[in-house]
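Visitor: I have a new structure open and would like to learn how to read it. Could you take me through it step by step?

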Amino acid sequence: MTQLLGGMPIMADLPGWAFTLIAMSGVGIILLLSIAVAVMIFSWAERKVAAYIQSRYGPMEVGPWQGTLQPIADGVKFLLKEDIWPTGADKPLWRLAPLLIFTGAFLSYVVIPFGPNFIGAKLDVGLFYIFATSSIVVVGIISAGWGSNNKWALYGAVRGAAQVISYEIPLSLAIMPIVLHVGSLNLGEIITAQRGWFVNWHAFGNWGSHGFAGILSLVSFQISLWIYFISSLAEVNRVPFDLPETESELVSGYHTEYSGMKFAFMMLGEYADVFVVSAIAVTVFLGGWYSGIPVIDRFVPAPLIFVSKSLFLVFVQMWLRWTLPRLRVDQLMHVCWKVLIPITLANLFLYGLLRTALA
Amino acid sequence: MNDTSAPLRHLPATREGDAAKPIKSELLHINMGPQHPSTHGVLRLFITTDGEVVHNVTPYIGYLHRCAEKIAEGNSYHQYIVYTDRMDYLAAMNCNWGYCLAVEELLRAGGMEFEIPEYAEYIRVIIGELNRIASHLIAFGTYGLDIGAMTPFFHALREREAILNIFEKVCGARLMYSYYDIGGVKWDLPDDALEEIKIFLDLFPDKLKEYDELLTGNKIFVERTANVGVVDAATCQDYGCTGPVLRGAGVSWDLRRNDTYSIYDRFDFDIPVGKGLVGTVGDCWDRYWVRMQEMEQSSRIIQQAVERLPARGECMAEMPKNLKAAPGELYTRTESPKGELGFYIVSDGGPVPFRCKTRSPAFHNLHVIVKAGQGQMISDLCATIGSLDLVLGEIDR
Amino acid sequence: MTEQDIHQRLLAEFEEAILDFEGGEKQPAIAVEPLRLRDVALYLRDQQDLAFDRCLVISGVDWEGFDESGKGKHREINRYEEDGTVGPVEEAATGDLGVVYFLESSRHGHRLKLSVRIPRESPRVDSLASVWTTADWGERETYDFYGIDFLGHPDQRRILLPEDWEGWPLRKDYQMPSRYHDVPLEGMPYAVREER
């Protein structure tokens, strides 16, 4: 973005801080718009995927083909809805919650590496930054639950907070072997470590740098991938971990008392988060903006490859949502603390041994 | 309606021993109100929980009470058939059958001699078993919804559509049929209905396998339902639970076999009984599994009935226009998909029953949640309620 | 055991309490004195060869106006006008109330109907909720509809009607109130029927 703006004639005359400000706002606006559009597409895709799995059609009316303009109708509906707030609700908290949820998701977009020149901010602690900002969502969830003055919302919020906090541990521990391997938290560098043929992808063990020990790193990184994927489902409250917003028990959990634009913001935040975790999975495990076949990399623009891989993972998440039942909250906790965390710790330890052996 | 602001008089607001602990904790009184996605109708559950663990469940019913029993005392026997549809609206044919059978038995006990044509009896069995399948399909679908799997519901409804289309061909209605009449059935089966029944029987076993793949063996589903909501056989007998709840607890008791009515003794079918295949005997999974097996057995019965269907004949016995039952009282019961559906009819010789009480299976099945719900988590409570397969129309009448 | 044997057993144990017996393979019926109901019920449940461990259904009956001659012309206490409004009640109801219990033994297979008749002025009878838990809700429903007071019931309150409803609807002399909490109730036609 800096280079783009630097080329413009007016910009060169502005003082440094103004230039940075405009560059930052530009990035922010582009990201915000692209998130909004992406979320609209996701909501349409979710309904279509759900429909075809359930042997029905889904949205068909609005729009020229298969209800593609349905999200626009939804957006208009959200904008025009009356803003109802529950009596006895803690107004400041209740109003703050959707903003926090959305902000937590939106902040992560800054470091997502869409392409070599398409990263908002090339942070050296990119991965760590993402884990940190995604925790803001927890504060939002609890504010929503408490501020709603509704026992069911409180249940959902408490469950959601417990779940998100707990699953951040296997989430980050699962990625640690990759970080050990690459030696950096910078997302761009993690991707560049996977250039070349797709055997270099971390999901397949990155044979390029491991050589014949690739079989062991394959096992280790595969474990990481699957545990990361499962934990990411829990992070974004998707089935089979969608107990905080489960419809059949809690009437929508912490979303219950929200309507109109506030609810739209929470939905926006959730779908944005879904894309973020898919994007991180693609970055860390599935080759980022490299397509795995060097010839294609020269012709197809990098962001297209990155986004299409992320969209595929988003599709897998939606597929799982409509196939699996949901776990009970104590089973969820049991899976996290007694199954996933020991496995990730053992994985980290073993990969560390492998690394030492190779060095 | 009910005073919800005051706590129930016989429940303490805090646990004993709370005063001694340094942190003050209270039990949470929470209301799973009449409008709730998971309570299968307008059922209100007043739950007292300690965090997620339920200490007490008190069901409040009566939101769908439509005074059916008082209405029975003002309407003739024929006029009341319509009201029996509305009780268990998901298995309306079986409710009709139960009532018509009760009136027929009362007439017979009073000395009236008539014989229901065999053709009509076969039609009754076919249609009744089809409705059993439809009712169990809804039980299966909504149970998936309660547990969180939203897809089996749509697949179940797809099959139920086929059955409802058959019913529409037979009697013109999709939900409230009033097809059975005292002495037989109202109209004959049309030809294309019989064809559709055969087509349905062909494709149904594959669908059952599909449901098993989707839900029955699914590890998450098993985790949610095995060892959850265990109701053992003694509790079932004590609380008066019947139907899949009792059979899921391991007791082989089915009125079609143990207290045979109509022509059920001519058919060859098994009575599935819960064996605790993946958990304890009498848990939610067992009740669910019993229903899945019953669907298979029902299609077996329909297959046999369709093969042995006698030549087309009368579908209704000769009945007087103004039906008067001789004085007497009788309790007759049938096996509806939910359990033992009984009608206790008192007659004093007139055209109108003096008293007509419905023994609703779901009413007594719901009672067991007071015991089974204690000590569970809220999610388990939803799973248990779903496994009891309640229909509020029947509970409230 | 055949129903005659059951009858003999009960007569031997509770001579004067057993008021009436009706045979019949489908439904042997025993009428019991209300004061000894609980003892009879416990005896039926606990004796090994009787073992009535299942109570199928409990029903209340209002015997007011029951036509003993069998012609079905039961006396109707309530009068309704053409438009469905409630007419004047000419005479008070005098008939008995009754409770009927249907029992079954899962072990032996025999069935029994137990009935009691209680006077309308003081409708009280022992609760069998501690004998069969099925009776718990069955008696609540009977209390709800008939106003029969079950002594010793753990939680006697209305089950199907709202808790603050007044009146006992299934009694033959029941008149609907004209309002319930701002909801007008009169003018609802109640099965206005002509002569048969």
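Guide: Gladly! Let us begin with two helices of chain B: helix α11 (residues 284-307) and α14(B) pack at an angle of about 30°, and their axes are 9 Å apart. Helices here are DSSP runs (H or I, at least four residues) and strands are E runs of at least two, numbered from the N terminus. An axis is a line fitted to C-alpha atoms, for helices over the stretch in contact, and angles run from 0 to 180 degrees between N-to-C directions.

Visitor: Is this model predicted or experimental, and how is everything numbered?

Guide: This is a predicted model: local features need pLDDT of at least 70, side-chain atom pairs count only at pLDDT 80 or more, and totals for chains, interfaces and linings use all residues. Residues are numbered from 1 along each chain as its sequence is written, while chains are lettered from A and ligands numbered from 1 in the order in which they are written.

Visitor: What do I call the arrangement of α11(B) and α14(B)?

Guide: Angles under 35 degrees count as roughly parallel, over 145 as roughly antiparallel, 65 to 115 as roughly perpendicular and the rest as oblique. With their angle of about 30°, α11(B) is therefore roughly parallel to α14(B). The crossing of this pair is left-handed; that word applies if the near helix is turned anticlockwise from the far one by less than a right angle, and right-handed applies if clockwise.

Visitor: Which residues make the contact between α11(B) and α14(B)?

Guide: Two residues are in contact if their C-beta atoms, placed from the backbone, lie within 7 Å. Here C284(B), R287(B) and Y288(B) come from α11(B), and A383(B), T384(B) and S387(B) from α14(B). By class, that contact has 3 nonpolar, 2 polar and 1 charged residues. Ala, Val, Leu, Ile, Met, Phe, Trp, Tyr, Cys and Pro count as nonpolar, Asp, Glu, Lys and Arg as charged, and the others, Gly among them, as polar.

Visitor: Which chains share the most contacts?

Guide: Of the 2 pairs of chains in contact, chains B and C share the most. Their contact takes 36 residues from chain B and 33 residues from chain C. On the chain B side, 14 residues are nonpolar, 13 polar and 9 charged. Chain B also meets chain A, with 27 residues of chain B in contact with 22 residues of chain A. Chains A and C do not touch, and their nearest C-alpha atoms are 25 Å apart.

Visitor: How confident is the predictor in chain C?

Guide: pLDDT is the predictor's confidence in each residue, from 0 to 100. Chain C averages 80, and 84% of its residues score at least 70. Over residues 191-196 of chain C, pLDDT stays under 50. Where pLDDT is low, the predicted coordinates should not be read in detail. For the complex, the predictor gives an ipTM of 0.88 and a pTM of 0.87.
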